[in-house]
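Please study the sequence and the structure shown below. The briefing that follows treats selected features by topic.

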Amino acid sequence: MKSRFWKYSLAISIVSISYLLSPANFVDKGPNQSCPIKFVHITKYAGFPMTCDAFELVGGSIKPSYLFSKNYHRQSRPLYILSGSLFGYSIYFLSYPVHDLIREKAAPQFRNLVIPQRVPLYVSHFAGLVLINFIILLISLWLFESIIEKYSGTRKNGKILQFFLLVSLLANNVTKQFFWVPHFQMFNTLMPLLAIWFFTINSDGLQSKKRIFLQGCTTGILQLFYGSFILLLPVLVLSLYKYQLKREFIKRIVVILTGFAIPIALWFFIIGINHILPYSDEMERFREFIWIEDVLMDTNNSFLKELFENLRTYAGTSATFIFPLAFFTITYWIARTRRSPTQNTPIFSKEMKFIFGSTFVLTVLFFGLMGYYADRLTYSSTVILLCCAGIFANKVKLSNGWTTVLSAFIICWHLFLIFFEMPHFSDRFYR
């Protein structure tokens, strides 16, 4: 496990540091027009984009009591804010000997928005939230590799290809735009991997009610980090497909929902004793999923017309599929053509088709019907394709030539992302 930690850390470090070399050639569309992206220069040739959301999240991390303010934007994601406080204040106290140096070097970046005496505090919480991004990607890479090994066996094609498969998960616009800033977007890598993992561990056999309860409770806790983790609920329900008895199936659904509800109810109780009502910015301001009710209640609007417009906008974010779909196709073709004539087992078993297919369909439906569309959200669906590609690439023993081709394909894609932006096919929302 120790060797894996260093391997994952190296992959994250190489990819994330390389993105600091990306030019400031991003484009603001949709809601980013009211929340412009600023480019922070570390050196003359290196830097990273930062949105107004990042500064707001640092403020919440410094003063988590904002969570008990009426209609606070991040009230539905309290555990992310509290985690930032834990890491941020820890870094702040540990870095005390170098606060003067931090103040001297970092103060110009804040452009008089923060008094100099508080600059080390803001930098520490900024670093704490970036550290959370690093931890999320560490967990994501562990899940990614574990899923590949689960369905294709131990490594067959050497350490080089194995390392570049890890890079393929990190080589995307989400890592490029959001790794170096406080934001929730690294969860878009973790969420689909957790969905596949829940499916996988439940497919091994009939699970006890205690274990299923803990999975539901984990989903509820994750929901308090990032709203999209609610997608794990239907995944958990579908993962019970082996329960043929209707009564046992219903009992376990109740157990899952109970486990999920406990953390949410506890948070609502804490909010309630502070005499405020729960608030979700995603529902109130962006009308995520609530748009369906809005349209149905408005007799002047056509539901089918609004649905078509939303799906058209969602399709505008489809450029995130270019590399994962191409890599999926290539690795599938290689796995089929390189199989031994005596190998009778299918490349993709019936169980794998159900697990990966169900997860992919649920993810596409979830983000397709959300009503708020951005490339970073659509990216979650592509993680499932990359998992499949990793399984195909490890299914058979490859020649050195094919190993080189696949590694070079990943490197070229990563280099493209460093210096260029992905195309976007809609003027409505972006990022």
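In strand 2, Phe48 is the bridge partner of Val40. This is a predicted model, in which local features need pLDDT of at least 70 and side-chain atom pairs count only at pLDDT 80 or more, while totals for chains, interfaces and linings use all residues. Residues are numbered from 1 along each chain as its sequence is written, and side-chain values use heavy atoms, with hydrogens and water left out.

**The strand pair**

- Strand 1 (residues 38-41) pairs with strand 2 (residues 47-50) in the antiparallel sense over 4 bridges; two strands pair if DSSP finds at least two bridges between them.
- A hairpin is formed by strand 1 and strand 2, with 5 residues between them.
- Strands (E, at least two residues) and helices (H or I, at least four) are DSSP runs, numbered from the N terminus.

**Helix 13 and helix 14**

- The axes of helix 13 (residues 290-297) and helix 14 (residues 303-315) cross at roughly 150 degrees and come within 9 Å. That makes helix 13 roughly antiparallel to helix 14 (angles over 145 degrees count as roughly antiparallel).
- Axes are lines fitted to C-alpha atoms, for helices over the stretch in contact, and angles run from 0 to 180 degrees between N-to-C directions.
- Helix 13 contributes Trp291, Ile292, Val295 and Leu296 to the contact, and helix 14 contributes Phe303, Glu306, Leu307 and Asn310; contact means heavy atoms within 4.5 Å.
- By class, this contact of helix 13 with helix 14 has 6 nonpolar, 1 polar and 1 charged residues (Ala, Val, Leu, Ile, Met, Phe, Trp, Tyr, Cys and Pro count as nonpolar, Asp, Glu, Lys and Arg as charged, and the others, Gly among them, as polar).

**Helix 1 and helix 18**

- Helix 1 (residues 2-19) packs against helix 18 (residues 400-419) at an angle of about 35 degrees, and their axes are 9 Å apart.
- Val15, Ser18 and Tyr19 of helix 1 meet His414, Leu417 and Ile418 of helix 18. The residues of this contact comprise 4 nonpolar, 2 polar and no charged.

**Two buried residues**

- Ser380, located in helix 17 (residues 375-395), is buried, with a relative accessible area of 0% (buried means under 20% relative accessible area, with a 1.4 Å probe and protein chains only).
- Not counting residues up to four places away in sequence, Ser380 touches Asn188, Met191, Pro192, Thr363 and Phe367.
- Leu236, in helix 10 (residues 232-238), is buried, with a relative accessible area of 0%.
- Beyond its neighbours within four places in sequence, Leu236 is in contact with Phe198, Asn202, Gln215, Gly216, Thr219 and Ile256. The C-alpha atoms of Leu236 and Ile256 are separated by 7.7 Å, and the two residues are 20 residues apart along the chain.

Methods:
Parallel < 35°, antiparallel > 145°, perpendicular 65-115°, else oblique. Buried < 20%, exposed > 50% of the residue type's maximum accessible area, 1.4 Å probe, protein only.
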